[in-house]
Amino acid sequence: MRFNCVARLDKLSRKIAIKLEAKLIDHGFVKDQDDPQLVIVIGGDGTFLLAVHEYMDKLDDLCFIGIHTGTLGFFTDYTDQEFDSFVDDLLHRQAKEISYQLLKVTYDDHCYYALNEMRVENVSRTQKIDVYVNGEDFERFSGTGLCICTQLGSTAFNRSVHGAVIQEGLPLLEMSEISGIHNRYYRSLGSSIVMKDDAKIQFEADSFDKALLCIDYMTYPLDGVKKINIELSKKHVRMLRYREVGYFKRLKSLF
């Protein structure tokens, strides 16, 4: 099998990556950075996001698995203390494959994909956004911005703006406000809203100048943009699971 390790730059993660690569090569695996069948992420959930975006154009042809050099993460089933168990499972056990849909964000001739969330943020001025769902006028938002997340992203930025944490396995979209303004002149929903997985959301504004589009950890300027489309895409991230780690155990370990 062709594989590649994507490791966080700290000393422990790099040490584990070197040790793991040697072990797998000894068992007939082939290291292939450009065209792997398996990407092993060593670090944290942030490193996992980096790896997904690095191989965004090849997601149909590979799977991910990870070792967390800390506590358990949502994307990883093993800690660095379980290195031997990880190698043994990888070499000798049959994995269960699970997949997660990505968000698709388009505007003008641009197209981006997010595993956790997309956000529109404007810290320079109050951003007004007209929100449409499946072509229907929903609300006019005023404030810093809006966040739309997947189920996976519900515990990331979405949680920091008091959005609901969504249990694993529910295909949906969640929209949460970022510092919304609510008074007699401006009134939006004021709370997070969970939508079905076939919802097609559109943000429109007279101006998104000085606003940023945030895709997971990446940012892009929105100057000159008038309309942004968001929906769940047909792209999936495929992950291997050799053990059942309960969702609430993961949640408890992180929070």
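This is a predicted model: local features need pLDDT of at least 70, side-chain atom pairs count only at pLDDT 80 or more; totals for chains, interfaces and linings use all residues.
On the surface, a patch of positive charge is formed by Lys11, Lys15, Lys19 and Lys23. One of these residues, Lys15, belongs to helix H1, which covers residues 11-26, and Lys15 is exposed, its relative accessible area being 60%.

Helix H2, covering residues 45-54, is largely enclosed by the rest of the structure, because seven of its ten residues are buried.

Most residues other than glycine have a negative phi. Asn134, although not a glycine, has a positive phi of about 55 degrees, and Asp216, likewise a residue other than glycine, has a positive phi near 55 degrees.

Asn134 is exposed, with 51% relative accessible area, while Asp216 counts as buried because its relative accessibility of 6% falls under the 20% cut-off.

## The loop residue Ala164

Ala164 sits in the loop that connects helix H4 (157-160) with strand E11 (172-180), and with a relative accessibility of 35% this residue counts as partly exposed. When residues up to four places away in sequence are not counted, Ala164 touches Ser154, Asn158, Glu174 and Ser192. For Ser192, the separation from Ala164 is 28 residues in sequence and 7.0 Å in space, taken from C-alpha to C-alpha.

## Pro221 in strand E15

Strand E15 spans residues 218-221 and includes Pro221, a residue that is exposed, with a relative accessible area of 57%. With neighbours within four places in sequence left aside, Pro221 is in contact with Tyr107, Ala211 and Leu212. Asp209 lies twelve residues from Pro221 along the chain, and the C-alpha atoms of Asp209 and Pro221 are separated by 8.0 Å.

Methods: Residues are numbered from 1 along each chain as its sequence is written. Side-chain values use heavy atoms; hydrogens and water are left out. Patches are made of residues with over 30% relative accessible area and no salt bridge: like charges are joined within 9 Å, nonpolar side chains (Val, Leu, Ile, Met, Phe, Trp, Tyr) within 5 Å. Accessible areas come from the Shrake-Rupley method with a 1.4 Å probe; for residues, only the protein chains shown count as cover. A salt bridge is a side-chain nitrogen of Lys or Arg within 4 Å of a carboxyl oxygen of Asp or Glu. Lys and Arg count as positive and Asp and Glu as negative; His and the chain ends are not counted. The place of a charge is taken as NZ of Lys, CZ of Arg, CG of Asp or CD of Glu. Helices (H or I, at least four residues) and strands (E, at least two) are DSSP runs, numbered from the N terminus. Buried means under 20% relative accessible area, exposed over 50%, partly exposed in between (1.4 Å probe, protein chains only). Contact means heavy atoms within 4.5 Å.
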